[in-house]
Number of protein chains: 2
Amino acid sequence: MNTAGAHGAEKRGRGIDRREQILQVALQLFAQHGMAQVSTRQIARAVGISQPSLYAHFASAHEISAELCLRAFAGLSAASRKVLEAPGTARDRFYRLGRAYIDFGLAHPDMYRLAFMQEPDETVSQLVQQGKDPVMAAGQGAFDLARQALAQMLGRTEAEVELQAQSIWASVHGLTALLIARPMFPWVDRERLIEHHLAAICAPYETAAASG
Amino acid sequence: MNTAGAHGAEKRGRGIDRREQILQVALQLFAQHGMAQVSTRQIARAVGISQPSLYAHFASAHEISAELCLRAFAGLSAASRKVLEAPGTARDRFYRLGRAYIDFGLAHPDMYRLAFMQEPDETVSQLVQQGKDPVMAAGQGAFDLARQALAQMLGRTEAEVELQAQSIWASVHGLTALLIARPMFPWVDRERLIEHHLAAICAPYETAAASG
DNA sequence: TTTGCAACCTATCATAGATAGCCTATCAGG
DNA sequence: CCTGATAGGCTATCTATGATAGGTTGCAAA
């Protein structure tokens, strides 16, 4: 399973990557009950160690979530790059990028929430300002990819691209966030809504090359 | 100030509307330190009573936030109605409605967060399903107003209106929510961003009457 | 006066994340 | 084969949270 430090010994946790095990267990518990409902004691019990022992592997409860969040967003980045390198018109690639973004948010609601919906003060405080928080880095990275894609598609001045990129990001985020935060709202068919939303966002760029 | 039970006596809190006083104090503390950072003990201390005494006036800590949220959204509804009744083209009224919505969110970030960004499970659970939660009612009410405005502007089939209303709401929410959740992000000039965002949303409807 | 009750109190609970200090199995060096 | 260092773990405990239990006070109406 793990290629790291498996030297054969197993007693007392040696040989198994405890940190990795904790992350896996936490991920499963988060998916099952929702991140906010899972306590460090639950995680520790599921792992089979005491609650304070978690702090030998992580500096804080938040660090566990942050690490998982970072990994999840790495997956989004990989998927995004694949989309951007795939064949198709610039508009289609951009459309699929938006689609991948929304799908990611809906597939990892807790991670998306942590990255873009929670106030940084709740989770970290100094780290954010220092730019050292992995969650922030993950979120920023995801946006940067989208901005690059838009820049390629438009080829306009930097300032204009930044403005439009932020506006488009807001629109895509809006649907993702609302579907996550208000799943019980009487939404129209989700698939139709997403398709319409992305189409509306892409609409101004259907003939972008000609109009600009 | 209050028309309720002010009989003249003041000792032991009689004569002053404690519930109202708690709400005012809580509102100020929320504005000062952020809702998540304010505890029931802080509120009680600021009011001058013990922490358990709060429960004589509110069933839970959430009820305090919910009441304040309800009042804030009542303000949004009033402002929205004013916009809708004001003169101007349908497009302009719709634009100003979006503007009022965003401005409201930025002016009352905690209330907006409570209504649209927090997961209902965190705050209430059964209440939501029963439709009795004032926060949910407030949020729903705000959206309903916008939907009506769009219906007036478009005059299309109900299903189409619902689809477009939800998509537009998502876009407007997206910018509001991101500006609230990530104030430190390197945004372009906020005013320019909001104007551009609303313009982009309204763009398809500039010649709506002709194209439909 | 006496009764009733609303408002308030202190004491306490359960749970959260987090820290302190001790114990022990393993491993490296003599 | 012993010995010391240490990584990993433990129990006990701390502070803070929202919330409950049950007693006390003082006004007001009967």
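Predicted model: local features only at pLDDT ≥ 70, side-chain atom pairs only at ≥ 80, totals over all residues.
## Ground rules

Local features need pLDDT of at least 70 and side-chain atom pairs pLDDT 80 or more, while totals for chains, interfaces and linings use all residues. Residues are numbered from 1 along each chain as its sequence is written, chains are lettered from A in the order written, and side-chain values use heavy atoms, leaving out hydrogens and water.

## Where the chains meet

Chain A and chain B bury about 3600 Å² between them, with 60% of that on carbon and sulfur atoms. (Buried area is the accessible area, 1.4 Å probe, that two parts lose on being put together, summed over both.) On chain A's side, A:L163, A:Q166 and A:R182 supply 18% of the area buried against chain B, more than any other three residues. The contact (heavy atoms within 4.5 Å) takes 39 residues from chain A and 39 residues from chain B.

## Inside the protein

The largest nonpolar core has 130 residues, and A:I43, A:F73, B:I43 and B:F73 touch the most other members. Such a core is a set of buried Ala, Val, Leu, Ile, Met, Phe, Trp, Tyr and Cys residues joined through side-chain atoms within 4.5 Å. Leaving aside residues up to four places away in sequence, B:I43 touches B:I22, B:V25, B:A26, B:L29, B:F30, B:V38 and B:L54.

Over in chain A, helix α5 (residues 109-117) has 8 of its 9 residues buried, meaning under 20% relative accessible area (1.4 Å probe, protein chains only). Among them are A:Y112, A:R113 and A:F116. Helices here are DSSP runs (H or I, at least four residues), numbered from the N terminus.

Notes:
Buried < 20%, exposed > 50% of the residue type's maximum accessible area, 1.4 Å probe, protein only. Helix = DSSP H or I, 4+ residues; strand = E, 2+ residues; numbered from the N terminus.
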